[in-house]
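Please open the structure in your viewer and keep the selection panel at hand.

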Amino acid sequence: MQKDPLIKVDNVKKYFGSTKAVDGISLQIEKGEFVALLGPNGAGKTTLVEMIEGIQKPDKGEISIKGLLWGKNDKEIREVIGLSLQETHFIDKLRVDETLALFASFYSLPKSRIETALEMVGLEVKRKTYTKNLSGGQKQKLALGIAFLNQPEILLLDEPTTGLDPSARREVWDILMNMKREFNTAMILTTHYMEEASYLCKRIIMVDKGKVLARGTLEQLLAEYKNGEIINFEVDSGIDEKVFKELGHYLSINLQENNKKGEIIVESLVNYMPALLKYIEQKSLKLSAIECRKMTLDDLFITLTGRHLTE
Amino acid sequence: MNQLYQLFIVEIKEYIREPGALFWSILFPILLALGLGMAFSGSSEQDRTIAVVCSSGCDNNTLVPKNETSTKIGNEKIGYTTFKFQYTDWNQAVQMLKQGKTSLVLKPYPNDSISYHFDPANADAKLSYLMLSDYFSNKPIKESEIEVLKQEGTRYVDFLVPGILAMGIMMSCMWGISYRTVDRRNKKLLRRMVATPMKKANYVIAQIGSNILTGAIEASLLVLVTHWVFDIRITGSFVGLVLMFLAGNIFFSGLAWLVASRTSKTQIANGLINLVVMPMMIMSGIYFSYHNFPDFMISVIKFLPLTILADNIRSLFLEGTGINHVLPPFVILSGIGILLFAIGIRVYKWY
Ligand SMILES: Nc1ncnc2c1ncn2[C@@H]1O[C@H](COP(=O)(O)OP(=O)(O)OP(=O)(O)O)[C@@H](O)[C@H]1O
Ligand SMILES: [Mg+2]
């Protein structure tokens, strides 16, 4: 018999009235694997993660964790999960260490774990602060500290770095990488930041409108679009769309302002760019801006959905 | 670390760190007992204003005292009431009635006859009428036929303190539990907590247990202070009182649990609590005996949970009631409380 994957999500659906929050998503995660769920607002990330956490119930489909099912082995599953919700507030007038002590008691952990957690998230100096007096970022760190208390096999983190400053974000990344190294922890992380997804996670799953748009490593995803490159230009009078076809092969084009401005995704910059510049020179158009760059996950996302990740 | 202990400690810490809650649950009932107890006891000196409406020729009336003068009626045994006569016209007198400045309007006529205008449903007006009409017809109060009772347990404060005790149990259960529940649900803290292996039973036990502890402190302080100020005593079974206290806590915790089981909106929770609490506060005989309500209402009022609690606590305080007497209400209140819990837990929204 084949060994069960650590997390197995099988064709899971969750509808809220006519909103298809999660519309048939499957995924598998193995021990020690970090996976990012990348998607814009309302994509269904939180709903999916909360179903894996057992907080929401799928309408259809099955979720198993270490071969255990929600509704049957709840306690065992909860023991191996550490999680942080997209938003949680704690009891206002409970101190940081008291809050950790409360959660530690839920897992029957020794007192020493509170110290470990405080150190991990760098909140030692705030241990005696009421949670309501923590800054937004410090609250996020406390939430992470709680997620780490039981040194879980599985971390499920819903936008753990949203609202953190860049250096705090880096710190969190380091903490997570340490967890992986030390405890071989697996993680599902939701995020709007492609940088975060690509730094932390080998596998990336792009979701929108409750469905998986694309999945794979960063390289695989970009390769699906043949390592496209992007040209952004702006000229003083419009260029007919037909012209761009004649100039060479492109993957996609998006023209604005009476064709005076546009974005072209091409397979090969060295082939397309000179032709474009030559045409502009021939027609005596005035070039007011031109920029080219490698395609990013965000660009890929726009080409897939017409929307930005952070939208 | 022990889960139940931690949950319990957290509830207690949240309670003692909230000055507002401390005021309402500890200080307010004591102030209420002191204030009302003093307002309605002690002084046997009373002042009443009588509106006098004078028609033509009333100056010839020799009985009614002149404008702005006062007359003291009474004796050492029943105390004195000072009637102040204020001359005015009819419209003004009606105004005074409406504002509660007087409860009796007097009309003197020339041949020493007097008419009294008052609402007979108003006991105070009726008393004023009887005292004045006796006084004007020269019938003095016979001091010799009056024996003053100094029995403890018959004063208004004796009636009031057990009532406030019962009400305090209801209030701290209803507001304490539902406030914290709604707040935590609203903060998504409940869903965070149940995403851990926390035992829900422990959460429930900690919440009721901590409420019983803090409620016991509130009740003890109330009894101690009123004992000191008014010499309030528990004449019946102390164990019986503890049982009733527990039954009240179990019942109202259960009710609070049910009321707060689903909503995450403070306003909705507040509205529901007021809906439950207000009628009982008014009707259950906390401040005044419910025996003044019409009979058909009394038969309902008697079975309100707060009435059952207040009546039994009162009889334990005042009537020397034994433990046997409070066993049935103990069983009934706790039983229904547990039932409410069972329902509340079924429909409870953790997420
Ligand atoms: N309890 C609910 N009732 C009704 N609709 C819901 C509920 N929860 C989520 N939705 C809807 O389901 C969709 C997915 O929501 P979800 O919170 O999973 O998105 P998300 O990807 O986490 O977005 P974000 O990046 O903004 O956190 C949204 O359209 C949302 O409005
Ligand atoms: Mg979300």
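**Before starting.** This is a predicted model, in which local features need pLDDT of at least 70, side-chain atom pairs count only at pLDDT 80 or more, and totals for chains, interfaces and linings use all residues. Residues are numbered from 1 along each chain as its sequence is written, chains are lettered from A and ligands numbered from 1 in the order in which they are written, and side-chain values use heavy atoms, with hydrogens and water left out.

**Stop 1: chain A.** Select chain A and show its C-alpha trace, which spans about 75 × 50 × 40 Å along its principal axes. Chain A contains eleven helices and 14 strands (DSSP runs, H or I of at least four residues for helices and E of at least two for strands, numbered from the N terminus). Of its 311 residues, 50% are buried, that is, under 20% relative accessible area with a 1.4 Å probe and protein chains only.

**Stop 2: ligand 1.** Which residues are the closest to ligand 1? Among the 14 residues that surround ligand 1, the closest are Asn41(A), Gly42(A), Lys45(A), Thr46(A) and Thr47(A); a residue is counted when one of its heavy atoms lies within 4 Å. This shell comprises four nonpolar, eight polar and two charged residues, where Ala, Val, Leu, Ile, Met, Phe, Trp, Tyr, Cys and Pro count as nonpolar, Asp, Glu, Lys and Arg as charged, and the others, Gly among them, as polar.

Now colour strand S2 (19–29) and helix H1 (45–52) of chain A, each of which supplies at least two residues of the shell. H1(A) gives the most, with three residues.

**Stop 3: side chains at the ligand.** Display the side chain of Lys45(A), where a polar atom lies 2.7 Å from an oxygen atom of ligand 1. In the side chain of Thr46(A), an N or O atom is 2.5 Å from an oxygen atom of ligand 1. For Thr47(A), the distance from a side-chain N or O atom to an oxygen atom of ligand 1 is 2.5 Å.

**Stop 4: chain B.** Select domain 1 (2–39 + 155–347) and domain 2 (46–145) of chain B, with bounds from an automatic or database domain assignment. Their C-alpha centres lie 45 Å apart.

Finally, select helix H5 (residues 156–186) of chain B. Why is H5(B) described as largely enclosed by the rest of the structure? The reason is that 27 of its 31 residues are buried. After H5(B) comes Lys188(B), whose phi is positive, near 65°.

Technical notes. Polar contact = N/O pair within 3.5 Å; in protein donor to acceptor, adjacent residues only side chain to side chain.
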